[in-house]
Amino acid sequence: MNYSVKKIGQILNATTQIDSKIVTGVSFDSRKVKSGDLFVALVAENDGHDYVQQALTKGATAVLVDDRHQIDSKIPAIIVSDTLLALQQLGEYRRRQINPKVVAITGSNGKTTTKDMTSAIMGSQYKTFKTPENFNNEIGVPLTLLTMPDDTEVLVVELGMDRPGQLTTLSELVSPDIAIITMIGEAHIEFFRTRENIAKAKLEITKGLKSQGTLLIPYDEPLLTNAQVKQNVQTFGQDIKDINSSSSKTIFTYQNTRFAIPLLGRYNIMNALAAISAGILLHIELKNAVEALQHFDLTKNRTEQLTTSHGVNLISDVYNSNPTAVAAVLATLKIIPATHKYVVLGDMLELGEQAASLHACLAETVINANVDGVYLVGPLMNKYLYPILQRRFDSAHLHQYETDQLAELIKDLQTLGENGDVILLKASHGIHLENVVNALVK
């Protein structure tokens with residue numbers, strides 16, 4: 001990105017002042033501003049206009065502000081009616097200017113892992129850029145567009161959603177050539193009430209999908225396979241053969257080609273097949289996809305495999321959680337070869353009035369996982385799952401903690417298990433089990 005303040009003003013049809021300055025980056029957090037950045041004063045819980053001077057002190061070249069705030073005439077500025085809308089318009093302009101092929105990914109689970117896999121596969125033949133971290137909302141997506149390099153040939157962008165209409169906006173912003181829906185689970189069911197409504201909202205990703213574009217969906221999800229979509233639709237996930245798992249990788253055969261991914265679980269095979277299918281659409285050779293998936297960069301806390309100081313294997317999946325995701329990861333834990341296995345489950349958030357039943361329904365899944373110990377964290381797990389598990393586990397093998405007792409949990413887990421044993425940690429991000437993981441691997 002290398003735009004003058006005047007050029008940005010022309011793109012946004014906005015008023016400018018001191019318009020000869022050159023902008024080389026964008027930030028909406030005054031604490032993270034770098035020299036040359038355009039500071040975007042967003043109005044949310046905190047009003048970004050209150051931090052304009054701090055951003056300038058940190059090195060911001062100019063500021064993007066709204067016309068309801070007074071700005072010193074000596075400050076390089078672009079003045080608009082809505083700074084968030086202007087940020088999105090600027091991102092859309094950047095996307096049209098560079099014009100990469102766009103792969104957009106959404107889903108109740110697996111979208112970040114699929115993003116990482118897809119980026120690795122595309123990167124084997126194209127100059128590829130992907131959504132940083134989890135920048136997948138109305139702010140993060142335009143920032144992704146604005147930070148993509150000038151020579152980007154393929155953009156892999158993650159699109160999040162927690163309310164109706166959100167994916168329509170994001171999809172139209174990125175205008176994908178390929179759209180992927182990884183799966184339909186119960187994430188955000190508090191707001192959507194049913195999985196059917198969640199599926200309907202996920203299908204909004206087709207609103208911006210090019211008319212000649214392709215939607216990739218799992219073959220075994222009728223809420224998607226029975227949907228009416230104008231664009232081309234392809235399914236992924238079928239025709240997998242010879243699945244084998246170890247403590248560190250999963251191997252499978254697809255289209256007479258042997259793949260190995262450094263992740264566990266059939267659900268990650270589905271993520272890989274979504275990525276492979278996108279690669280095939282952009283003419284990636286399967287041999288290159290094989291190599292790319294062997295050692296790809298995985299965003300932190302997405303089914304990470306780590307090791308404690310005394311050799312216990314950790315499976316960390318603590319960024320989000322819902323019953324479908326918990327069932328999938330526990331099914332994986334069950335088949336891992338290990339002498340002893342333990343599971344740490346934190347509350348699943350944003351389940352609304354269904355929280356009680358959805359936490360309670362995990363009991364059979366936990367029991368069938370054949371674990372040696374269960375550690376529950378949070379009021380929902382303790383109230384709805386713990387009493388059911390008490391019928392099958394004694395007090396030596398069933399433990400409970402409140403969310404402010406993570407220090408006690410860490411202490412108990414630090415001496416748990418021996419070399420080669422496995423501890424799985426799964427929870428919504430709001431429980432902050434990542435702090436437990438970080439303590440265990442120090």
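Strand 6 (residues 62-66) and strand 7 (residues 77-80) pair in the parallel sense over four bridges; strands count as paired if DSSP finds at least two bridges between them. The model is predicted, with local features needing pLDDT of at least 70, side-chain atom pairs pLDDT 80 or more, and totals for chains, interfaces and linings using all residues. Residues are numbered from 1 along each chain as its sequence is written, and side-chain values use heavy atoms, without hydrogens or water. Helices (H or I, at least four residues) and strands (E, at least two) are DSSP runs, numbered from the N terminus.

**Sheet**
- Val-65 has Ile-79 of strand 7 as its bridge partner.
- The open sheet has five strands, in the order 2-7-6-5-4, with mixed pairing.
- Strand 2 (15-17) and strand 4 (25-27) are the edge strands, each pairing on one side only.

**Helices on the sheet**
- Helix 1 (residues 5-12) lies across strand 2, strand 5 (37-40), strand 6 and strand 7. It runs at about 15 degrees to strand 7.
- Helix 3 packs on the sheet and touches strand 4, strand 5, strand 6 and strand 7; contact means heavy atoms within 4.5 Å.
- The direction of helix 3 makes about 125 degrees with that of strand 6. Axes are lines fitted to C-alpha atoms, for helices over the stretch in contact, and angles run from 0 to 180 degrees between N-to-C directions.

**Helix 3 in detail**
- Buried residues (under 20% relative accessible area, 1.4 Å probe, protein chains only) of helix 3 include Leu-87, Leu-90, Tyr-93 and Arg-94.
- Asn-99 follows helix 3, and its phi is positive, near 55 degrees.

Key
Buried < 20%, exposed > 50% of the residue type's maximum accessible area, 1.4 Å probe, protein only.
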